[in-house]
Amino acid sequence: MATYEEKKYSPLGHLVEVDGKNMHVYTKGEGDNTIVLLSGLGTAAPVLDFDPLINKMAKNNKVVVVESFGYGWSDVTNKERTVENIVEEIRTALNKSNIEGPYILMPHSISGVYSMYYANKYPDEVKAVIGIDFTLPQAIEYFGESAPTMPAYMSYVAQTGIARLALYMTPDDFLPLAENGTYSVVNLKMTKAISAWKGYNKNVVDEANEIKNNIDKTVDLTFPPDMPVLFFTTEEDKVNEDGKSNVTFYQTQLSKNSSSKIITLEGHHYLHWTRYKEMSQHVNEFTKTLAGE
């Protein structure tokens, strides 16, 4: 982002130092539960992307967004995008922000892999997990697929200005597919600016190329049996020749906790763009069961 744009769009939350770099942490709301939203791969501005869902959930919960390195207002780091590094960075950012656990982790897409690692490595810090159409380590094996990668040259795109050019040629491709009014005009302007600034930076490319390694490290993990998990996934679920779908896969991943369940909603892989109201309602019902109400 140009210096002018950086000054124009200052961080919405606060910056904390992690490994000598700044990470952006945003919080809203109060409540008995602290929900930590974690974004999918390549979501340039997570705080802005989650905005409608944050606003709904913050009425009853403390909602936190930790923007990993390479995303939103966080710096770009030289550290490898291993699952271990990413989770430790998130934990450090939460700790330095004085945000106390145990947390309800709410990962979207690839962050499911990081949440699985987090829930197994630090089970005392995780009260529950709520997934938004999230990727889990055993999915690749279940569907017989290979992990995606991203060409390394993509990391040079943002630096050469091609990302900025592409953004202004096809700006709608970088914006949420939501009804008019869901996202404010200011939000969309900031999303465009950050997408031009941060799109395809080296951390995002490295993270994409680290997916296979991160999955290999976590493929034998499942959620602890007593940990409540809630899965949101899309209704337009493609069933393959073997009769397998996201729903059948998630059924294999449910923990034995009585609160655990799968909810299907009509919508895009970014379900929170359009289904934030229903999701918030389901989250409130889910958290009540955690409190034994």
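**Helix H4 and its partners**

In this predicted model, helices H4 and H10 are roughly perpendicular to each other, since their axes, those of residues 83-96 and residues 202-218, cross at roughly 95° and come within 9 Å. On the H4 side the contact is made by Val 83, Glu 84 and Ile 86, and on the H10 side by Glu 207, Asn 214, Lys 217 and Thr 218; by class, these comprise two nonpolar, two polar and three charged residues.

Two of the charged residues also pair directly: Lys 217 forms a salt bridge with Glu 84, with the closest N and O atoms 2.9 Å apart. This pair links distant parts of the chain, Lys 217 in helix H10 and Glu 84 in helix H4 being 133 residues apart. Lys 217 is partly exposed at a relative accessible area of 39%, and Glu 84, at 29%, is partly exposed as well.

Arg 91 meets Glu 88 at 2.9 Å between the closest N and O atoms, and both lie in helix H4, three residues apart, about one turn of the helix. The side chains of Arg 91 and Glu 125 meet at 2.6 Å, N to O; because Glu 125 lies in the loop between helix H5 and strand S6, this pair ties together parts that are 34 residues apart in sequence.

In the loop between strand S4 and H4 sits Ser 74, which is buried, with a relative accessible area of 1%. A polar atom of the Ser 74 side chain lies 2.8 Å from the backbone nitrogen of His 24, and contacts of Ser 74 beyond its sequence neighbours include Glu 67, Phe 69 and Lys 198.

Technical notes
Residues numbered from 1 in each chain as written. Predicted model: local features only at pLDDT ≥ 70, side-chain atom pairs only at ≥ 80, totals over all residues. Heavy atoms only, no water. Axes fitted to C-alpha atoms, helices over the stretch in contact; angles between N-to-C directions. Helix = DSSP H or I, 4+ residues; strand = E, 2+ residues; numbered from the N terminus. Parallel < 35°, antiparallel > 145°, perpendicular 65-115°, else oblique. Contact = heavy atoms within 4.5 Å. Nonpolar A, V, L, I, M, F, W, Y, C, P; charged D, E, K, R; others polar. Buried < 20%, exposed > 50% of the residue type's maximum accessible area, 1.4 Å probe, protein only. Polar contact = N/O pair within 3.5 Å; in protein donor to acceptor, adjacent residues only side chain to side chain. Salt bridge = Lys/Arg side-chain N within 4 Å of Asp/Glu carboxyl O. Lists of a residue's contacts leave out its neighbours within four places in sequence.
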